[in-house]
Amino acid sequence: MQLALQYAQLKASIIRLGHRANVDVPVTVEEIAGYLYCTERNVKILIRKMSDLGWIMWTPGRGRGHRSSIRFLASAEELILAEAKMYVEQGNLNSAMSLFQLEGLDPGLTDRFLAWLGDFFGYRGTQEAGAIETLRLPMHNRILTLDPAEILFSRDLHFAKQTFDTLLRFDPARGSLEPSLAHNWASSENGQVWTFYLRKRVRFHHGRELTAADVAYTWNRLSTLGSADSPNRWLGETIADIQVVDRLTLQVKLEAPNYMFLHYVSSYPMAILPEDIYKSRSINEVRKLPVGTGPFRVTRHDEGGITLEAFEDYFREGAHLDRIELLYVPEIVSNRNWQQWNFHMGKLDHYKQPAPAHWRKKEVMTLGSNMLSFNLRKQGPQQNLHVRRAINIVLNRGGMIAELGLNGAIPAEGFLPPDTPREWPCDNQPEQARELLTASGYGGQPLKLLFTPSHSHEAKWIKERCAAIGIPLLLTECTHEEMSSADLLQESDVLLGGVVADDDEARCLIEMYKVGNMLIRVCATDEQRQTFNDAIARIVAEPDANVRLQQIRGMERLLTEEYHVLFLVHVKQQTVFSPHLKGIAVNTLGWFDFKHIWFRPETKETRPFSQQI
């Protein structure tokens, strides 16, 4: 316990007994030990420290039976506020907020602290030589892992993209694969042997140059790390052999033709790792502090947040900002009105306060959908087709969008939003749903629904809709970390979650069926899983990209024909930011690339040069 907190606790204990703080109060060392839950020896040390700092006036009792006296000279609120600021500057907002839980503090103290915090966040720096340009941002959800092989959630993927590079990258604007760590590549005619030629002078964050041996190590590690349900192991499951031809040349032989292999290679779970670092460090170390070739290196990642610093030896165009600091924000801060804050950027939550009126907003319809997935690996009412259909026709997706304030969202019939507006089928038919339940022989058994906090509002809506037709749902909220456990997911009858595709539609749609701990594969029977595998093997052996894409999209019928999966809504991700921040480009994950962000200082209004006459 910090000295300021002990002072505040002692002062509150004395005042609670009816004493005034600014007068001499009779007290014994033994009594203080009871207030602070410590030994009398420690009390004497604390009294000396507080006296030396001028916080108290301590008058020892003279002679047996005479009590000592204490007078409080310092404001407990000011000391707590200073302590909280120190915690924040050390990158620990959670510890700072815990200080304000102490009894007896001025109720307005938290608001004073949050006002200061609003100014703490945001852009810091100048264009002077040697000045460090920093952008500090609040972050509401924790990063689970920065090991590319383990990445499952879009938040983790975003930060991996800042830290790592892949051999190729997918350009969504052109719809094509572009060079990255590999400057060129070639394949056999049947798409079974692939050769990659690496760039020279690409360096990892610890200074060593990238070689073909690092690529071989990375992909072999991906194929063996974790269990069969590990999220990205499937990407390397058809690799038969990897040969290091020379320092900068690599050849990969596959078990069967795969014209999608380059798309796999461009995915960040196949981002390249330095062999020396990842062989010598524990899995927990590299989850927190990764080493890659990307535009930013992670210099800090702990319970308080994460710090990224621009990598000066980056082989492509470097970042504009020198440092990005993100602090994990407790719920009490998340719920405060953003109008009072000045942190320059945030992801807008539909259920929270709106952003300041003068901020700018960018929206993107995510490539993905929220969904209900019925667990067909477990016995229960969800095994009955009529029960699944009954739930589907009472969800009232349009009503959910309106009630929950999901601005810009649209009802979903599949993974991806439609290219053109359409009329949605009626899904508010309680009478027909009850008839289906009667035909099914359903006896009123409850269904266990598992979801993460980000889907709690949808879960409550679905529970109400199901209750209206006599289906009780038992809601179980779990963490994102728990949601990545295939064993835990299989204990539930129904899973509520979302899938978000990256910019490469074809590869991401395949992922939906292949990732071992994603909703669809977790809930599928062994026979269904084999059907997925066989269909994908045929698709990737097709040389024509357009034919492949149509076949991949067509796989949805395996989920929708018998209502194994109920697609709910397509949502818009909204990023709000100060007009002084430039280079904001929101991707389909709802995130923005830190590398391109820069800060435009206050100047007299001028038009960009290209628009001037």
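Here is a short chat about reading salt bridges in this predicted model.

Biologist: Which residue forms a salt bridge with Arg 136, and how far apart are the closest N and O atoms?

Modeller: That's Glu 325, with the closest N and O atoms 2.9 Å apart. This pair ties together distant parts of the chain: Glu 325 sits in strand S14 (residues 323-328) and Arg 136 in strand S5 (residues 134-139), 189 residues apart.

Biologist: Is Glu 325 buried or exposed?

Modeller: Glu 325 has a relative accessible area of 15%, so it counts as buried, the cut-off being under 20%. Arg 136 is buried as well, with a relative accessible area of 18%.

Biologist: And Asp 171 with Arg 174: how far apart are the closest N and O atoms there?

Modeller: They are 2.7 Å apart in that salt bridge. Look at the two ends, though: Asp 171 is buried at 9% relative accessibility, whereas Arg 174 is exposed at 63%.

Biologist: Back to Glu 325. What does its side chain form with that of Arg 323?

Modeller: The two meet in a salt bridge, 3.9 Å from N to O. Arg 323 is partly exposed, with 23% relative accessibility.

Biologist: Which residues do salt bridges with shared partners join into one network?

Modeller: Arg 136, Arg 297, Glu 309, Arg 323 and Glu 325 are joined that way.

Terms used: Residues numbered from 1 in each chain as written. Predicted model: local features only at pLDDT ≥ 70, side-chain atom pairs only at ≥ 80, totals over all residues. Heavy atoms only, no water. Salt bridge = Lys/Arg side-chain N within 4 Å of Asp/Glu carboxyl O. Helix = DSSP H or I, 4+ residues; strand = E, 2+ residues; numbered from the N terminus. Buried < 20%, exposed > 50% of the residue type's maximum accessible area, 1.4 Å probe, protein only.
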